[in-house]
Amino acid sequence: AVLLGDAIHSVKPYFGLGVNSAFEDVIVLDKCFDEAEGDLHAALPMFSKLRAPEARSLVESQYSLDQPPDWRFFANFLLPIILDNTFNKALPQVFSPNLIALLQDEEFTFVEARRKKDLDRAMQASILLPVTGAISLAI
């Protein structure tokens, strides 16, 4: 059995990635069939190996943004978007756009988008933690 699209990596409608990720699955599966010269038993493991990290990354990215409407929603969804937009506008050559924009950018795979955002988070923390510490000491 082969799972494609929303059957394996369902995403929220606001991501705008359901059909796009299904198309990517089909393109990769087609390449695997070509490489395996039409051998289904050879193509399917190749497809799984290539697409599993992408599907996992997309689902984990969505899950991190999909929180109940309380403080966790603010902390996991709104605050990161605010920080990403602020840092990206201030230093676009250093900080990438928010995660949803990265996931929608065809230049990056889902895995690359998450890695890029993890790096951004580390850089944001390295800037914000000393600043908030200095402010708290000054108060």
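Modeller: Just after helix H2, Glu 37 takes a positive phi of about 50 degrees. Helices here are DSSP runs of H or I with at least four residues, numbered from the N terminus. The model is predicted: local features need pLDDT of at least 70, side-chain atom pairs count only at pLDDT 80 or more, and totals for chains, interfaces and linings use all residues. Residues are numbered from 1 along each chain as its sequence is written, and side-chain values use heavy atoms, leaving out hydrogens and water.

Now step back into H2 itself. This helix covers residues 18-35, which makes 18 residues. From its first C-alpha to its last it reaches 26 Å. That is close to the expected 26 Å at 1.5 Å a residue, where the expected span is 1.5 Å times one less than the number of residues.

Next, look at its sides. Gly 18, Ser 21, Asp 25, Val 28, Leu 29 and Cys 32 are the buried residues of H2. Buried means under 20% relative accessible area, exposed means over 50%, and partly exposed lies in between, with a 1.4 Å probe and protein chains only.

Turn to the face pointing away from the buried side. There H2 carries the exposed residues Val 19, Phe 23, Lys 31 and Asp 34.

Note on methods: Helices (H or I, at least four residues) and strands (E, at least two) are DSSP runs, numbered from the N terminus.
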